[in-house]
Amino acid sequence: MTAGAALATLGCVAALSACAGASSHAPAAAARAASCASATADLAAPGPYRVGSAHVALTRVGASGRSRSIDPTAWFPTATRSGGPVTCRSALILFSHGANGRATDYSRLLTHLAGEGFVVLAPHHPDRQQGGPGEAGDRTDDMEYLLDHLGAIADRLAPGLAARIDTGRIGVAGHSFGGFTSADMAATDPRVRAALVMAGGERGPAAASIRVPVLAMAGGADHLIPVALVRAFVSRLAATTPHGLLVIGGAGHGAYGDGCTHGRTCGIVASYATSFFLTYLDGLRSADGLLDPHRHRAARLSLRTVGMPPR
């Protein structure tokens, strides 16, 4: 697809070109702004930022030539808890939802990550409407499309948002089918610096090509994507790739989204996700404690790591 055709699928070429231009000439102050990362004592508690969200209609042309409505939603810091302005730059987390779901099914977790200082951007994969044999590849293409047109899309979501994103710090996360999508992104897209895989993972040999840090989560009571499947994915990662497998005893397949009903389990997912991304996207060493199995004490959790935390 040509650059002009790609932009045309965004809906309004002139408006988006203007947005892209504005984001590529971000004010110098924004370019020099510090990271938004800030580790608190309790990473399951609300972070230091107030959070806003936005949603836009967005269509792209898929590999089959059919239009795909991927209508992304974003969650992002809008102010400090005290009401002060956000003067920092955020790492970006690109999120992929489960099959036949929506990004908004994970609002609690994604709002939490935004409150910790991240910008979270999630497409709506149209599995239910037009899923088929090629849907796995189309999902990865959905994610890459958002990255390819990040500046224009971010400023459509919220004016000035693009200038607040540090495009050198991009992570991916996903649940279930989205976990497989995030693993595929980690294996194929060099812009990705860290991957959180929840109840999923790359089934094929591509897992061995992943070179960025990976944290995989599995539920001890998940009968749809059992621990053994996630463990098999982790076993295919290279020994030189920092990675970990967190097994949450008693957690079912819905423990990662808004269907999470056990408060402690919801907090575990939020705190480990936060610790992982603060460590590997923001380089915040004070946040890596949860990734160190030597500091691990909760009996209902099992954590095995290779090369984590960073030394």
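**Trp 75 faces Val 120, a residue of strand 6, across the pairing of strands.** The model shown here is predicted, so that local features are given only where pLDDT is at least 70 and side-chain atom pairs count only at pLDDT 80 or more, whereas totals for chains, interfaces and linings use all residues. Residues are numbered from 1 along each chain as its sequence is written, and side-chain values use heavy atoms, with hydrogens and water left out. Helices (H or I, at least four residues) and strands (E, at least two) are DSSP runs, numbered from the N terminus, and two strands are said to pair if DSSP finds at least two bridges between them. Strand 6 (residues 119–122) pairs with strand 4 in the antiparallel sense over three bridges, and Ala 74 stands opposite Leu 121. With strand 5, strand 6 pairs in the parallel sense, again over three bridges, and here Leu 92 stands opposite Val 119. Val 119 and Leu 121 point one way from strand 6, while Val 120 and Ala 122 point the other way, and all are buried; buried means under 20% relative accessible area, exposed over 50% and partly exposed in between, with a 1.4 Å probe and protein chains only.

Just after helix 4, Gly 117 takes a positive phi of about 115°.

**Helix 9 (residues 227–235) has Val 227, Val 230, Phe 233 and Val 234 buried.** These four cover an arc of only 125° around the axis, which puts them on the same side of helix 9; the arc is that of the directions from the helix axis to the C-beta atoms. The face turned away from this buried side carries the exposed residues Ala 228 and Ser 235. The packing partners of the buried residues of helix 9 are helix 8 (177–188), strand 8 (192–198), strand 9 (214–219) and strand 10 (243–248).

**The largest nonpolar core has 87 residues.** Helix 10 (residues 263–280) gives the most to this core, with nine residues. Such a core is a set of buried Ala, Val, Leu, Ile, Met, Phe, Trp, Tyr and Cys residues joined through side-chain atoms within 4.5 Å. Leu 196, Met 217, Phe 233, Phe 276 and Phe 277 have the most contacts inside it. Not counting residues up to four places away in sequence, Phe 276 touches Ala 194, Ala 195, Leu 196, Pro 213, Val 214, Leu 215, Leu 291 and Met 308. Of the 311 residues of the chain, 55% count as buried.

A disulfide is a pair of cysteine sulfur atoms within 2.5 Å. Cys 36 is joined to Cys 88 with an S to S distance of 1.9 Å. Cys 36 lies in the loop between helix 3 (28–32) and strand 1 (49–55), and Cys 88 in the loop between strand 4 (73–80) and strand 5 (90–96), so the pair ties together parts that are 52 residues apart in sequence. The torsion about the S-S bond of Cys 36 and Cys 88 is about 95°, so this disulfide is right-handed. The sulfur atoms of Cys 260 and Cys 266 are 2.0 Å apart, and this link, with -110° about the S-S bond, is left-handed. Cys 36 and Cys 88 are buried, and Cys 260 and Cys 266 are buried too.

Definitions and conventions
Contact means heavy atoms within 4.5 Å.
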